[in-house]
Amino acid sequence: TNALLWRMNPRRMDIEAYRDTLLRRSGRLDLKMYGPSQELQEAENLKRTVYGRVSRSRINALLKTYDFPDPMQPAGVRDLTITPLQQLFVLNSSFIRESALAVAKSVADSPDPNAQVMGLYQRILGRMPTANEIDLALTYLKKGTLEQYAQVLLSSNEEIFWP
């Protein structure tokens, strides 16, 4: 029934939840609370997105791409859109690549490609892959890398959309 619900009413995660999820899945999320805010796109910023710097005069490009409400408004409204710029971020972002690399490294010591694929699915999507998904992944891994396949899973609809 969860799969049926997902097909009926999918909605994209806001950037704060998606960024935090990527950090958590890759094992890089810094759970330390408080401290000064940092730019979200700084490589060393691994804290939750709620601690990211928001400027009223210059909105962060990542936040703007993902429909962050106008900080000048007293009660900003967020429209959740799906745009090509968001997909370009997912495909080309060094943040996504670093997350994919960290996840791939966490399963690279598994004894065989089959176990590595199962590890990726468990770590990223929180479930075991189907037989068909394992076959597709093993076919992909004949030409691609484990890191690239991790990026595929991190950018899949199952990861980006709420059920």
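Reader: Which residues does Y140 touch, not counting residues up to four places away in sequence?

Author: This is a predicted model, in which local features need pLDDT of at least 70, side-chain atom pairs count only at pLDDT 80 or more, and totals for chains, interfaces and linings use all residues. Residues are numbered from 1 along each chain as its sequence is written, and side-chain values use heavy atoms, with hydrogens and water left out.

Y140 touches T145, Q148, Y149 and V152 when residues up to four places away in sequence are not counted; contact means heavy atoms within 4.5 Å. Y140 is found in helix α7, where helices are DSSP runs of H or I with at least four residues, strands are runs of E with at least two, and both are numbered from the N terminus. Y140 counts as partly exposed, because its relative accessibility is 33%; buried means under 20% relative accessible area, exposed over 50%, and partly exposed in between, with a 1.4 Å probe and protein chains only.

Leaving aside neighbours within four places in sequence, Y149 is in contact with L120, Y121, E133, A137, Y140 and L141.

Helix α6 (residues 113-125) and helix α7 (residues 131-141) pack at an angle of about 115°, with their axes 10 Å apart. Here the axes are lines fitted to C-alpha atoms, for helices over the stretch in contact, and angles run from 0 to 180 degrees between N-to-C directions. The contact is made by P113, N114, V117, M118 and Y121 of α6, together with E133, I134, A137, L138 and L141 of α7. By class, it comprises eight nonpolar, one polar and one charged residues; Ala, Val, Leu, Ile, Met, Phe, Trp, Tyr, Cys and Pro count as nonpolar, Asp, Glu, Lys and Arg as charged, and the others, Gly among them, as polar.
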